Amino acid sequence: MPAVTVENPLTLPRVTAPVDARQRPVLHVATAPSGFEGEGFPVRRAFAGINYKYLDPFIMMDQMGEVEYQAGEPKGTPWHPHRGFETVTYIMDGTFVHQDSHGGGGVISDGDTQWMTAGSGLLHIETPPESLVMSGGLFHGLQLWVNLPKRDKMISPKYQDIRGGSVKLLASEDGGALLRLIAGDIAGHDGPGATHTPITMMHVSVNPGAELTLPWRPDFNALAYGLAGRGTAGAEKRPFRMGQTVVFGNGESITIRADEAQDSRSANFEVVLLGGQPIREPMMHYGPFVMNTHAELAQAFDDYQAGRLGVVPADA
């Protein structure tokens with residue numbers, strides 16, 4: 001993990017934070033509970049128990065795996081609806097196939113991202129390819145849900161296929177951390193993902209003992225999730241590890257460090273960093289629908305049952 005890397009990070013553009021930037025303090029570290037999704041693939045609920053005011057505009061995030069499937073074991077999801085938000089699926093190991101009733105879809109693997117704007121609504125399905133079902137193998141990914149503001153909740157569905165090779169690769173000042181910028185901007189560098197809600201999403205690999213300090217938009221929130229390994233966050237060096245989410249407070253920069261000794265599953269401390277501009281609107285989330293009012297949720301269910309969110313393609 002992951003496939004998108006470089007042999008020498010010092011050849012990449014480097015990101016530094018101004019020396020006088022206010023460090024964001026660590027407000028909370030939450031441990032993700034484990035569960036199962038879809039047809040039975042294991043997930044960690046990264047944002048469980050965190051007050052939504054610290055998450056907005058993010059709704060939920062699942063770490064899928066890491067799991068080594070035996071032959072016949074890989075699982076996905078059945079056809080299901082969505083309305084009112086965006087799903088971002090990032091695959092670090094393995095392969096996932098997406099298809100939706102609006103005509104979007106494709107295959108993502110090893111550093112690719114699928115960005116689906118559900119908008120007014122659609123049906124979709126996510127499955128492993130038949131070859132992976134037959135052979136088994138390593139599977140590890142993330143799915144993030146990003147809210148849409150009220151003005152955009154009923155826009156037409158859209159699909160973005162972001163190949164791993166298109167992410168913006170950056171490095172920390174000393175080259176001790178590799179940054180993969182998927183969406184948003186950091187220090188004037190832009191990721192390839194097009195977002196309706198202003199956000200930043202990146203996957204960083206921090207070498208053992210290295211420290212990463214990044215400038216961070218003061219109007220964004222800031223979250224860090226441990227994918228593998230262990231380290232600390234903030235000037236106070238608050239410990240966190242795989243399966244834990246760090247909630248940062250206000251400020252202009254964030255810092256994470258990797259412990260000198262990492263576990264045997266990962267050479268580096270692997271972390272997803274997220275920030276977004278809060279929407280600050282009522283958020284009603286029930287099952288596959290994210291709307292502003294209970295009446296809009298009820299309408300979404302009615303539209304789904306009436307077939308107005310799309311139909312399963314005949315060749316599915």
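Leaving out neighbours within four places in sequence, N147 is in contact (heavy atoms within 4.5 Å) with Y52, P57, I59, G84, F85, K153, T197, I279, M283 and V290. The model is predicted: local features need pLDDT of at least 70, side-chain atom pairs count only at pLDDT 80 or more, and totals for chains, interfaces and linings use all residues. Residues are numbered from 1 along each chain as its sequence is written, and side-chain values use heavy atoms, with hydrogens and water left out.

N147 lies in strand β12, residues 137-147; strands (E, at least two residues) are DSSP runs numbered from the N terminus. N147 is buried, with a relative accessible area of 3%, where buried means under 20% relative accessible area with a 1.4 Å probe, protein chains only.

| Pair | Kind | Distance |
|---|---|---|
| N147 and K153 | side-chain polar contact | 2.7 Å |
| N147 and V290 | C-alpha atoms, 143 residues apart along the chain | 7.4 Å |

A polar contact is a pair of N or O atoms within 3.5 Å; within protein, one must be able to donate a hydrogen and the other to accept it, and residues adjacent in sequence count only if both atoms are side-chain atoms.

Elsewhere, an open antiparallel sheet is formed by four strands in the order β19-β24-β21-β22. Its edge strands, β19 (211-215) and β22 (238-241), each pair on one side only; pairing requires at least two DSSP bridges between two strands. Between β19 and β24 (residues 253-258), which run antiparallel, there are five bridges. P215 stands opposite S253 in β24.

Definitions and conventions:
Buried < 20%, exposed > 50% of the residue type's maximum accessible area, 1.4 Å probe, protein only.
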